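Please open the model in your viewer and keep the sequence at hand.

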Amino acid sequence: MTIWTPTLSGQGPRYRQLADAIIDATTRGELTPGTKLPPQRRLADALGVTVGTVTRAYALAEQQGAVSARVGSGTYVRDTSVRSSTFDTIFEQPRQPDLIDLSHATPPPSPRRSQNLARALEAIAGQPAALRAGVDYQPETGQTWQVQALAGWLTRLGRPVEAANLLMDQGGMHGIHLALSALLAPGERVAAEQLTYPGLVSALSQLSLKGVAVPFDDHGIDVEALARAFEQQPFRALYVMPDCHNPTTSRLSEARREALVALARERQFWLIEDDIYPDLPGEANTPLYRLAPECTITLFSVSKLLGGGLRVGALHAPEAARPRLTAALRAQCWMPPPLMPMVVAHWIDSGDADALIAWQREELAWRFDRAMERLAAFRPRGQRGGFYLWLPLPADLRSSHVVEQLRQRRVVVSSAENFCLGSVSAPQAIRVCISAAESREALESALDTLVDTLGDPDPLLWETL
């Protein structure tokens, strides 16, 4: 039996040559999506290299998004067309009018956002001092009145913060990069749930950091498993979304928050708390930065509240970490661009931000209720007021097949594979962003297509007894 055996270039370390050959073969179509790569030992024998060389090559190819390792099964070529539809091409233009894209968590579309922007820009245009500030250098921490406006607004949303503890940045993704680059050195480890935000996975790769995947359940990250993981692979930081895990929507229980904080203090690792959904209703658990302010970096952003294009956020950090964070920000972009924070501050001061949030809260609640009702037979998971649902699939369905079927019917959702950290095996589930539909009518149409594609679910065992 023959196996796929590439020709190495002879330039550079052999593991890099092999990784480059794998990526090149997937790009040219020689290795098609779903193809299983040869077992590492067999390929090592065929190439005359060590098994360790093949292992490193497979890991590097996985970091580059060309392949995916599945525990107990092997390494497979990724379907890059599915992956690119979720994170890499969020801003693909032009939008296709007959396509209902529910693959990324954007705020519900509304003319209110552009109207609010127009009012803010008109107000700024009438203030010569504001216009001068908009094109001038500013402090790395942001202009004081803008930081104070954001701090006051976050406090009203249930996240009490002092302006002195905030460092303005360019949104949640920028905050992740700032925190990681300021707190860790290349080669160090960051822990996160086995399924996590794809932006974190991208940042780890860009910064040459290693991910440690930790099990979780409906109550959030498994703190006991986290402790065991630390013993085996000590890490410097943990990234976590306590109030609405991406993609499963689980909320970290109060008991686990306290256990997590105790473990972080005992083992001395940082907590990077992603808190971009502060407006979620329901039980009010304590933010990690309130439980352990000395070792928590919290990421705030207006992307899910006012609009993703504003690119405005802030880091809440202890005093000991702020010099490093400020230095990292200065090295990356010198300062936050002053115009967008100015727009956000005007929205807040004028009351437009509160009015928009009130409308958005009602719209998301309606969408959640309708989606839960329509998909009830499939037992979706979610939080009322949240942006997305997590939909475990019936036992006879594969997520890649469902995603492709939906795409052919002009509905786009995200496969669980897009959220896997490292070589974690992906569950058969999809994420459906109910917030992203252009209208309620578009959401209704997408839900009809989804139900029709999934078919009639088999009854659970207990229902047949």
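**First stop: strand S2**

Select glycine 74, which is partly exposed, its relative accessible area being 24% (buried means under 20% relative accessible area, exposed over 50% and partly exposed in between, with a 1.4 Å probe and protein chains only). The model is a predicted one, in which local features need pLDDT of at least 70 and side-chain atom pairs count only at pLDDT 80 or more, while totals for chains, interfaces and linings use all residues. Residues are numbered from 1 along each chain as its sequence is written, and side-chain values use heavy atoms, with hydrogens and water left out.

Glycine 74 belongs to strand S2 (residues 74–77); strands (E, at least two residues) and helices (H or I, at least four) are DSSP runs numbered from the N terminus. Display its contacts (heavy atoms within 4.5 Å): beyond neighbours within four places in sequence, glycine 74 touches Lys36, Ser68 and Ala69.

Threonine 75 is buried, at 10% relative accessibility. Outside four places in sequence, the contacts of threonine 75 include Thr35, Leu37, Tyr58 and Val67.

**Second stop: helix H10**

Select residues 223–232, helix H10, and colour its buried residues: Val223, Ala225, Leu226, Ala227, Ala229 and Phe230. What do they pack against? Show strands S5 (189–193), S6 (210–214), S8 (220–221) and S9 (237–240), together with helix H11 (254–267).

Finally, select aspartate 222, which caps the N-terminal end of H10. A side-chain oxygen of aspartate 222 lies 3.1 Å from the backbone nitrogen of glutamate 224.

Conventions:
A polar contact is a pair of N or O atoms within 3.5 Å; within protein, one must be able to donate a hydrogen and the other to accept it, and residues adjacent in sequence count only if both atoms are side-chain atoms.
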